[in-house]
Amino acid sequence: MKKILITGGAGFIGSHLIRLFVNKYPDYQIYNLDKLTYAGNLENLKDIEKMPNYKFILGDIVDGDFIMNLFKKESFDGVIHLAAESHVDRSITNPMEFIMTNIVGTVNLLNAAKYIWKDNLEGKRFYHVSTDEVYGSLGDTGFFYEDTAYAPHSPYSASKASSDHLVRAYHDTFGLPIIISNCSNNYGQNQFPEKLIPLFINNIRHNKPLPVYGKGVNVRDWLYVVDHASAIDVIYHNGPDGETFNIGGHNEWKNIDLIKVLIKVVDKKLGREPGSSEKLITYVTDRAGHDLRYAIDSSKLQNELGWTPSLQFEEGIEKTVDWYLENQQWLDNVTSGNYKKYYDEMYGNR
Ligand code: NAD
Ligand code: DAU
């Protein structure tokens with residue numbers, strides 16, 4: 001049985017990836033290593049937590065001794081590394097958390113993989129999940145390609161860029177079998193409501209102000225989270241060692257246009273006049289260092305590995321809005337911290 005370690009599996013993207021791997025690969029033993037920060041929530045994995053090929057491990061990737069001992073004990077065949085501090089605004093108020101988890105944590109995992117795989121690299125793989133934000137900001141035209149020079153602007157994107165460089169350095173210097181993907185903005189169920197889409201769905205529902213940064217003209221390229229998980233699956237299994245793949249769905253939206261679509265969809269589902277919640281739009285001070293535009297060219301992934309996104313944006317947004325409206329309890333739990341009780345009930349005695 002192959003042993004695969006997925007880090008950050010209790011978070012947004014990680015939980016979708018764990019679900020995919022646990023269901024699709026019964027002959028893999030999937031280990032989910034997560035510190036359960038404010039963003040990690042085991043409720044996201046309720047449907048698969050009793051599967052025989054799934055195991056949760058509570059732990060911090062910043063703790064190098066813990067990571068080395070875990071790797072020595074479990075001898076993982078593969079690592080898919082998602083654990084990170086992921087929110088740009090938090091990185092502006094507290095950069096050090098990002099340096100520790102995103103950079104030091106990644107190096108601890110690289111060191112442990114390098115150590116346990118030193119005598120035999122056959123069938124081993126270290127997959128680093130990264131972001132398009134490492135490429136910086138585009139003007140009105142053009143795309144990010146795999147060879148676009150890195151130019152991060154926020155402490156978050158700079159910490160992810162640094163971790164990408166270190167992962168490549170372990171390949172070039174030590175021959176570690178690594179692979180990296182850089183993905184655009186994800187949306188879908190189970191995203192922590194500090195990020196634009198779940199925050200705004202919740203605020204529209206509760207008639208709260210919708211804080212639009214600056215003039216609302218920044219552009220993001222949105223991909224349904226399940227499609228990101230399927231791309232990681234394809235790249236993990238078929239991508240050549242040492243390569244990088246961009247992941248995106250060619251789905252650019254100016255923030256204010258996306259917000260107006262969200263308002264229409266939520267209003268309609270709540271039985272309000274579609275568009276009536278536009279009165280909640282409140283322009284606020286812009287995010288410091290706010291990147292103007294992200295747009296991914298993912299033709300390498302499509303041409304070389306045959307991956308394409310499964311969903312059109314309109315369908316994805318409908319599904320996403322439905323999920324948040326039907327799961328108000330989930331939103332209330334994650335914002336109140338009640339979900340920690342769930343962890344204590346499930347794992348407190350182990
Ligand atoms: P998230 O914030 O929802 O989840 C992060 C997870 O990592 C949480 O479960 C958290 O508990 C865990 N974690 C944090 N610090 C840890 C530590 N020190 N030790 C162990 N676990 C720790 O993040 P997400 O949006 O799911 O993003 C996952 C990964 O994908 C990140 O590496 C992020 O940079 C990358 N990414 C995200 C997006 C996006 O749009 N959300 C797009 C591209 C790439
Ligand atoms: O591009 C990939 C990245 O996408 C990931 O690496 C990050 O982990 C993820 O958080 C996301 O970063 P963004 O900063 O693009 O996402 P966020 O949802 O925070 O913001 C999306 C856009 O909306 C951005 O231009 C800022 C704006 N915004 C955001 C919030 C939270 C607002 O105008 N108001 C808000 O309240």
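This is a predicted model: local features need pLDDT of at least 70, side-chain atom pairs count only at pLDDT 80 or more; totals for chains, interfaces and linings use all residues.
Trainee: Why are H4 and H5 called roughly parallel?

Mentor: Helix H4, residues 95-116, and helix H5, residues 155-174, pack at an angle of about 15 degrees. Angles under 35 degrees count as roughly parallel, so H4 and H5 are roughly parallel to each other. Their axes are 9 Å apart, and H4 passes H5 in a right-handed crossing.

Trainee: Which residues make H4 and H5 meet?

Mentor: From H4 there are Pro-95, Phe-98, Ile-99, Asn-102, Ile-103, Thr-106, Val-107, Leu-110, Asn-111 and Lys-114. They meet Pro-155, Tyr-156, Ser-159, Lys-160, Ser-162, Ser-163, Leu-166, Val-167, Tyr-170 and Phe-174 of H5. By class, this contact of H4 with H5 has twelve nonpolar, six polar and two charged residues.

Trainee: What makes H6 oblique to H8?

Mentor: The axes of helix H6, residues 196-205, and helix H8, residues 255-269, cross at roughly 45 degrees and come within 10 Å. Roughly parallel requires an angle under 35 degrees, and roughly perpendicular runs from 65 to 115. The crossing angle of roughly 45 degrees therefore makes H6 oblique to H8. The crossing of H6 and H8 is right-handed.

Trainee: Which residues make that contact of H6 and H8?

Mentor: H6 contributes Leu-196, Ile-197, Phe-200, Ile-201 and Ile-204. H8 contributes Asn-255, Leu-258, Ile-259, Leu-262, Ile-263, Val-266 and Asp-267. The residues of this contact divide into ten nonpolar, one polar and one charged.

Trainee: Why are H6 and H10 called oblique to each other?

Mentor: Helix H10 spans residues 313-326, and its axis crosses that of H6 at roughly 60 degrees, coming within 10 Å. The roughly perpendicular range is 65 to 115 degrees, so H6 and H10 are oblique to each other. Their crossing is right-handed. The contact is made by Ile-197, Pro-198, Ile-201 and Arg-205 of H6 and Ile-317, Thr-320, Val-321, Tyr-324 and Leu-325 of H10. Seven of these residues are nonpolar, one is polar and one is charged.

Trainee: What surrounds ligand 1, and which residues are closest?

Mentor: Ligand 1 is surrounded by 28 residues, of which the closest are Ile-13, Asp-34, Ser-86, Tyr-156 and Lys-160.

Trainee: Which residues are closest to ligand 2, and how many surround it?

Mentor: There are 24 around ligand 2, the closest being Thr-131, Asp-132, Tyr-156, Arg-287 and His-290.

Trainee: What makes Asn-185 a polar contact of ligand 2?

Mentor: A polar side-chain atom of Asn-185 lies 2.7 Å from an oxygen atom of ligand 2. That pair is within 3.5 Å, so it counts as a polar contact. Arg-287 has a polar side-chain atom 2.6 Å from a ligand 2 oxygen. An N or O atom in the side chain of Asp-132 is 2.5 Å from an oxygen atom of ligand 2.

Key: Residues are numbered from 1 along each chain as its sequence is written. Chains are lettered from A and ligands numbered from 1 in the order in which they are written. Side-chain values use heavy atoms; hydrogens and water are left out. Axes are lines fitted to C-alpha atoms, for helices over the stretch in contact, and angles run from 0 to 180 degrees between N-to-C directions. Helices (H or I, at least four residues) and strands (E, at least two) are DSSP runs, numbered from the N terminus. Angles under 35 degrees count as roughly parallel, over 145 as roughly antiparallel, 65 to 115 as roughly perpendicular and the rest as oblique. A crossing is left-handed if the near helix is turned anticlockwise from the far one by less than a right angle, and right-handed if clockwise. Contact means heavy atoms within 4.5 Å. Ala, Val, Leu, Ile, Met, Phe, Trp, Tyr, Cys and Pro count as nonpolar, Asp, Glu, Lys and Arg as charged, and the others, Gly among them, as polar. A residue is near a molecule or strand if one of its heavy atoms lies within 4 Å of it. A polar contact is a pair of N or O atoms within 3.5 Å; within protein, one must be able to donate a hydrogen and the other to accept it, and residues adjacent in sequence count only if both atoms are side-chain atoms.
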